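Please keep the sequence and the model in view while reading.

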Amino acid sequence: MFLILFGALFVLGGILYMARAAIWWGSLSRPRPSGPAPNTLEPSRRGMRFLGLGANWPGILLMAIGAVLLLSGASF
């Protein structure tokens with residue numbers, strides 16, 4: 001029972017870590033170069049590095065450990 005509880009906590013912690021990394025990556029708006037103002041408030045381009053493996057490997061590792069604990073807890 002404890003393995004299943006710890007596994008669920010690890011999986012939830014991994015999901016929350018990855019969500020935090022995506023939300024707190026940086027501001028969506030940055031100063032624009034001088035020139036004509038666009039008609040939108042959206043940035044012209046935002047990099048997708050916050051979705052990569054480099055930023056999310058701790059969350060993926062937590063979820064993998066949690067999955068192993070859930071599977072081992074289910075086998076007992």
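This is a predicted model: local features need pLDDT of at least 70, side-chain atom pairs count only at pLDDT 80 or more; totals for chains, interfaces and linings use all residues.

The residues that form the contact of α1 with α2 divide into 20 nonpolar and eight polar, with no charged residue among them.

Two packed helices are described by the angle between their axes and the distance between the axes. Here helix α1 covers residues 2-23 and helix α2 covers residues 53-75, and their axes come within 7 Å and cross at roughly 160 degrees. An angle over 145 degrees counts as roughly antiparallel, and α1 and α2 are therefore roughly antiparallel to each other.

## The chain as a whole

The secondary structure of the protein chain comes to two helices and zero strands. Of the 76 residues in the chain, 14% are buried, and the accessible surface comes to about 6200 Å², with 73% of that area belonging to carbon and sulfur atoms.

How many of the contacts between residues at least 6 apart in sequence join residues at least 24 apart? The share is 75% in this protein chain.

## Residues of helix α1

Leu 3 lies in helix α1 and has a relative accessible area of 30%, so this residue is partly exposed, a class that runs between 20% and 50%. Leaving aside neighbours within four places in sequence, Leu 3 is in contact with Leu 69, Leu 70, Ser 72, Gly 73 and Phe 76. The C-alpha atom of Leu 3 is also separated by 9.3 Å from that of Val 68, a residue 65 positions away along the chain.

Ala 19 has its place in helix α1 as well, and with a relative accessible area of 34% Ala 19 is partly exposed. Between the C-alpha atoms of Ala 19 and Gly 59, which are 40 residues apart along the chain, the separation is 9.1 Å.

## Residues of helix α2

When neighbours within four places in sequence are left aside, the contacts of Ile 60 are with Met 18 and Leu 53, and Met 18 falls within the residues 2-23 that make up helix α1. The C-alpha atoms of Ile 60 and Gly 13 are separated by 9.9 Å, although the two residues are 47 apart along the chain.

Ala 67 is another residue that lies in helix α2, and at 34% relative accessibility Ala 67 counts as partly exposed.

## Drawing the parts together

The contact of α1 with α2 has 20 nonpolar residues, eight polar and no charged.

Definitions and conventions. Residues are numbered from 1 along each chain as its sequence is written. Side-chain values use heavy atoms; hydrogens and water are left out. Helices (H or I, at least four residues) and strands (E, at least two) are DSSP runs, numbered from the N terminus. Buried means under 20% relative accessible area, exposed over 50%, partly exposed in between (1.4 Å probe, protein chains only). Contact means heavy atoms within 4.5 Å. Accessible areas come from the Shrake-Rupley method with a 1.4 Å probe; for residues, only the protein chains shown count as cover. Axes are lines fitted to C-alpha atoms, for helices over the stretch in contact, and angles run from 0 to 180 degrees between N-to-C directions. Angles under 35 degrees count as roughly parallel, over 145 as roughly antiparallel, 65 to 115 as roughly perpendicular and the rest as oblique. Ala, Val, Leu, Ile, Met, Phe, Trp, Tyr, Cys and Pro count as nonpolar, Asp, Glu, Lys and Arg as charged, and the others, Gly among them, as polar.
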